Amino acid sequence: MFAFLRGNIYSKEMMTGPADKLVLDVGGVGYELSVSRRTLVSLGNPGIEALVYTSLAIRENEWTIFGFATPEERQIFSLLQSVTGVGPKLALGLVATLGPGELAQAILAGDQKLISQAPGVGLKVAQRLILELKGKMEEWLQQRQIAVEPRGAGAFNQVGEEVRMILDGLGYTASEVNMAIKRAKEDGLDEDVEQMVRYSLKVLGANAVP
């Protein structure tokens, strides 16, 4: 029904569950969207114009518009719901925790431990995702020309796990931790735990919702 909405950000609200709230003012009409923390912090502050990709979920008497910062997030959100027992809230939690690229690669690699970091996703659900989506994710990555990265016991994985444990202990969510570690990796900070922790805390502080 909606492919995307373009308008000014009216308000942003962090919630305790898997979905945060974003209100977008589109021509004087306020649309309330359920979004991941990843999307919420990436879209800018209230008053800024934003383009949000959307997906409408209809459940009995409840209509919910889910919003995404990128078309890839929206696409993988839809793919996840093709798996038995995975509804929109669980799918949003997976997208929020790992992001589309890392989630697709985790499914390809059969990484149950990483997938099960998402809220509400146990090992059985992770196994089902791997079983039912492995072929689809390989095709999805190829279509977008995203290289499949090997997930071994390399230096970054060891350092990243140590950083993850430290940030978990400080009370950050799995979604926030994965976002910070991904940013650190992109900027080449993949060898020193202390440096990565300082960088991650800086990223998480800058992305706090006002």
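## Model and confidence

Residues are numbered from 1 along each chain as its sequence is written. The model is predicted, so local features need pLDDT of at least 70 and side-chain atom pairs count only at pLDDT 80 or more, while totals for chains, interfaces and linings use all residues; side-chain values use heavy atoms, without hydrogens and water.

The protein chain has a mean pLDDT of 83 (the predictor's confidence in each residue, from 0 to 100). In this chain, 90% of residues reach 70 or more. Among the elements, strand β3 (residues 29-35) has the highest mean pLDDT, 96. Helix α7 (residues 155-169) has the lowest, 73. Helices (H or I, at least four residues) and strands (E, at least two) are DSSP runs, numbered from the N terminus.

Over residues 150-156, pLDDT stays under 50. The model has 14 contacts for this stretch beyond four places in sequence (contact means heavy atoms within 4.5 Å). Where pLDDT is low, the predicted coordinates should not be read in detail.

The structure holds two aromatic pairs. Rings of Phe, Tyr and Trp (its six-membered ring) pair if their centres lie within 6.5 Å; planes under 30 degrees apart count as stacked, over 60 as edge-to-face and the rest as tilted. Phe 66 and Phe 77 make a tilted pair, 5.3 Å centre to centre with 40 degrees between the planes. Phe 66 lies in strand β5 (residues 62-68) and Phe 77 in helix α2 (residues 71-80), so the pair ties together parts 11 residues apart in sequence.

Phe 68 and Phe 77 form a tilted pair too, at 4.8 Å centre to centre and 50 degrees between the planes. Buried means under 20% relative accessible area, exposed over 50%, partly exposed in between (1.4 Å probe, protein chains only).

## Nonpolar cores

The largest nonpolar core has 32 residues. Such a core is a set of buried Ala, Val, Leu, Ile, Met, Phe, Trp, Tyr and Cys residues joined through side-chain atoms within 4.5 Å. Elements β5, α2, α3 (88-98), α4 (100-109), α5 (112-115) and α6 (123-143) each supply at least two of its residues. The largest share, eight residues, comes from α6.

Leu 94 is among the residues with the most contacts inside this core. Beyond four places in sequence, Leu 94 touches Leu 80, Gly 99, Leu 103, Ile 115, Ala 118, Val 121 and Leu 129. A second, separate core has 12 residues, including Val 163, Ala 184, Leu 189 and Tyr 199.

## Helix α6

Helix α6 has 21 residues. From first C-alpha to last, α6 reaches 28 Å, close to the 30 Å expected (1.5 Å times one less than its number of residues). The helix bends by about 60 degrees at Leu 133; the bend is the angle between axes fitted to the seven residues ending there and the seven starting there.

Buried residues of α6 include Leu 129, Leu 133 and Trp 140. Their cover includes α2, α3, α4 and α5.
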